[in-house]
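Subject: Structure for you to look at

Dear colleague,

Please find below the structure that I promised to pass on, together with its sequence. I would be glad if you could read the notes after it with the model open beside you.

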Amino acid sequence: MRSIAEYVEGRRILPSNTPFPGPWRNARTPYGVEIMQNFSPYSPIQTVAIIKPRKVGLTTIMENVVAYWMSEMPTKILYSTATEELAKEWSTTKIEEVIDTLGFRNKITSNSYNPKSHRSGSNLRYKEFAGGRLDIASSQSMDAKRQKDIRVLMVDEVDGLDKQLTTGEGSWIEVLKGHTLSWGNRKKIAFFSSPTTDENSQIKELYEAGDRRVFIVPCPICGKPLELKMSIDPMPYGLHADTKAGEILTAYYLCEHCGEPIFDHQKKDFYSSDPHCLRFPQKKLDPCHWEPTVKSTDEYYRSYSLNALYSPLGMVSFTDVYKEHIKAEAGGPDAMRSYVNLYAGQPYKDQGTRPKLAKVLEHRGTYPAGDVPPGVLFLTMACDIQRGSAKERGNGSRIELSVMGTGLGYRSWIICYKVFEGPTDDAYSGAFEDMYEWMKSIDGTFYSREGIRFRISMIGIDSGDAADGRADVVYRFAERWNPFCYPIKGFAQLTARRGEKADIPGAASFKKYRLARIGTAGEYVIEISTAYYKNLLFSRLNIPPADGPQQKPGYCDFPSDMADDFFVQLTNSEKRADGSFRDIGAHEVMDTVIYNYCLADAWLDAQVRIAKEQRRAAGVDPTLIELTTNSKTVLSLLETQLLAYGASQDPR
């Protein structure tokens, strides 16, 4: 007996008005093979739920299942969809094309032929064939509510169905499932749909009731198993893009294991039945496959989730997804909802999100506060100024600061966190003077356990609003630590000015940060896009700790003895659906960390400029300089210097 995948391979002919006209090839959408096989008569699987985006071919794959049961294993089938219009379109175009291209039109015939009725066995509501019948119904159809004896139930656009019937029968899903009861463990049920909202999504509930499978592909560079996640800038892995003059040139997927880019054309490599990778070309890799993420209470129930990154080569590309994400961010909640539903294949959650505190607490490392752990290459220090409130106990004026280390893969380590209480209205007394004396006592230096000396490379101080007088005090204090100290001014989002190159292009092109002149003597303030760096922080806090000292790129580490309240403040903001952030409690810790991320970017960018100037002076080809001189190479050079000079040297 042929399986469904074997039945359609090379036999089904897709029409010329489809993305891939010609013979059906399972290799184009390998994620569909297991799903189809679940519906073969010999498979014990009874129920399948699929939460999906658009343009991954799942509806076409389910048409293969219907055709198989019509032609090879005739039985009673019910195809149900959300509306009469969708049911009519599927009946008159989709399934008719499948019947013709698979060549079983001759099997479509009336099971109760009467010469006077001229029944053909085919109309909008049903297709009759020898040994069975396909009924086509919508949630608006009274016929779908009548008692039926169905072996194969296909429910498309589940989230377009009403949860409860208005006529008193109860749940639509349960009514449809009831049609299959007499078939016992031989029944076959499929629920598949793009989701709607998190609160109302029925396909989400059906997916979570199963074993929640994800599709794993081998990285074509390092060969390690990889789940393609809808992670987009500023995550250290996931979807990124090359841009020029504010235009998106091409997007690629950064592997979370090796950090190398995977381009759209390499889908043919990780979809291959005999995959290989560039780093280890002789190594035998596991082909792409589904993996369950939880154990279902029903061993005969499987559930699957896909996103648009898995779309076959030639349909939705990585660049298409990236552009849609940028457009959605600019378009507000409605545009983002469409993007989340149709590209991420996930229900839209119309409420703020933030990292879970319990998970963030797991980021405590093995080093004590004040020590510089292995991996750190340079230090930055960020300060947040709080004027406090005389009426609120425990909320006096103060300076809160954190020192952060940065290493390869943009990993970060918080080295220490300090609070200096006292007046903040004078650059030469109170909290400012206490902070100055503390820095002088340690010479701005921290040490590793091996005795390696690290001096703080760059300092930033929140300057607040000029109207409250704080900015001028910070400007004056920054002069005491010139040229390593800069005032910082936060903006929700920095829009790129005319003629200014955007860091993240698109309809809402903006800068991560920029230097703005504040005087005539060369003083500058660092303007920072707080939304960008909060996104960066949240994404990095969501990177789970790995076993052992080797962590993923972007992972952030904290001292083993850091107080719980530090982590509470670190997560005291939530991201809204429109991309904005809402603070929900004291968040000074978070501010110092996002300022440190900005300072690390600014310092690295400065080192890149210096390195480029040095290479130009040495006569290196300009194109080669642009291609091979970046923050990644600067970090690698710092690591080399650190290893070469040893414990007695400053890695700067």
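Predicted model: local features only at pLDDT ≥ 70, side-chain atom pairs only at ≥ 80, totals over all residues.

Residues are numbered from 1 along each chain as its sequence is written, and side-chain values use heavy atoms, with hydrogens and water left out.

I begin with strand β26 (residues 524-529), where five of the six residues are buried, so the strand is largely enclosed by the rest of the structure. Buried here means under 20% relative accessible area, exposed means over 50%, and partly exposed lies in between (1.4 Å probe, protein chains only). Strands (E, at least two residues) and helices (H or I, at least four) are DSSP runs, numbered from the N terminus, and two strands pair if DSSP finds at least two bridges between them. Strand β22 (residues 485-491) runs parallel to β26 and is joined to it by four bridges, whereas strand β25 (residues 513-517) runs antiparallel to β26, with five bridges. Ile-528 in β26 stands opposite Gly-490 and also opposite Tyr-513.

Phe-491 belongs to strand β22 and, at 29% relative accessibility, counts as partly exposed. Leaving aside residues up to four places away in sequence, Phe-491 touches Glu-527, Ile-528, Ser-529, Thr-530 and Ala-531, where contact means heavy atoms within 4.5 Å.

Turning to the helices, the axes of α11 (residues 430-442) and α12 (residues 470-480) come within 12 Å and cross at roughly 20 degrees; axes are lines fitted to C-alpha atoms, for helices over the stretch in contact, and angles run from 0 to 180 degrees between N-to-C directions. That crossing makes α11 roughly parallel to α12, a term used for angles under 35 degrees. The contact is made by Phe-432, Glu-433, Met-435 and Tyr-436 of α11 and by Val-473, Val-474, Phe-477 and Arg-480 of α12.

Finally, there is an open sheet of three strands in the order β11-β12-β13, with antiparallel pairing, whose edge strands, β11 (238-244) and β13 (261-262), each pair on one side only. Seven bridges join β11 to strand β12 (residues 247-254), and Ala-241 stands opposite Ala-251 in β12.

With best wishes

Note on methods: Parallel < 35°, antiparallel > 145°, perpendicular 65-115°, else oblique.
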